[in-house]
Amino acid sequence: MTTLSPSARRVQDVLDAIALGHRVVEHERSTRTSQEAADAVGCTVGQIAKSLIFRARASGRPVLVIASGANRVDEKAVAALVGEKIERADPEFVRAKTGFAIGGVPPVGHAEAPLVVIDEDLLAFDTIWAAAGTPNAVFRLSPDQLVSMTGGRSAAVKKA
Ligand code: 5CA
């Protein structure tokens with residue numbers, strides 16, 4: 001049995017509770033950026049589901065945008081969906097609200113339940129990969145599973 005580092009283990013425990021058979025894989029090499037993650041698993045950068053954290057300005061709520069690694073996120077489009085202005089979260093906010101550090105933020109298992117928006121471009125793939133708690137850990141899933149496990153709403157959020 002492989003031993004996962006503590007943050008990756010926490011994500012595996014969440015996935016075990018979801019019980020769809022997802023397995024966290026820790027790589028020797030970095031998966032900290034979408035490109036590095038794609039290189040490590042041997043997929044295209046578009047198939048990396050990157051987790052971006054924003055802060056809703058009025059409410060202070062965390063907003064999780066799960067975007068294709070190939071795309072930049074249009075903050076105005078996300079704000080329109082959320083119903084209030086949003087701003088990029090700083091590393092301390094990310095740590096506090098998710099329980100994970102930037103570069104390893106997973107789509108599930110956050111300390112505080114975020115509003116979740118999913119980039120519709122991810123839905124075109126059979127298989128995608130998401131971060132799993134550390135800058136070396138990822139897991140494979142389907143876009144449908146991403147939607148169901150996060151309760152997220154898919155939308156057009158790509159910056160033109
Ligand atoms: N493990 C990889 C692939 S799944 C990963 O987590 N990539 S990521 O793109 O989802 O996470 C890194 C993201 O964190 C960057 O895209 C960027 O939006 C954000 N980020 C990086 N540095 C900062 C920073 N200083 N403040 C706020 N956000 C940051």
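**View 1. The second largest pocket of this predicted model.** Its volume is about 150 Å³. Among the residues that line this pocket are Gly21, His22, Arg23 and Val25. Asp126, Thr127 and Trp129 also belong to the lining, as do Arg140, Leu141, Ser142 and Gln145. By class, the lining has three nonpolar, five polar and three charged residues.

**View 2. The largest pocket and its lining.** This pocket has a volume of about 360 Å³. Its lining counts 22 residues. Lys50, Ser51, Leu52, Ile102 and Gly103 lie nearest the centre. Helix H2, strand E2 and strand E6 (128-131) each supply at least two lining residues. E2 has the largest share, with six. The lining divides into 13 nonpolar, six polar and three charged residues.

**View 3. The ligand in the largest pocket.** The shell around the ligand holds 17 residues. Thr31, Ser51, Arg88, Ala89 and Gly103 are the closest. Eight residues of the shell are nonpolar, six are polar and three are charged. Helix H2 (34-41) and strand E2 (48-56) are the elements that give two or more residues to this shell. E2 gives the most, with five residues.

Notes: Residues numbered from 1 in each chain as written. Predicted model: local features only at pLDDT ≥ 70, side-chain atom pairs only at ≥ 80, totals over all residues. Heavy atoms only, no water. Near = heavy atom within 4 Å. 1 Å grid on protein atoms, 1.4 Å probe; cavity = no way out; pocket = protein on both sides within 12 Å on 5 of 7 lines; lining within 4 Å. Sits in = over half its atoms within 2 Å of the grid points. Helix = DSSP H or I, 4+ residues; strand = E, 2+ residues; numbered from the N terminus. Nonpolar A, V, L, I, M, F, W, Y, C, P; charged D, E, K, R; others polar. Points joined across faces, edges and corners; volume = space filled by probe spheres on them.
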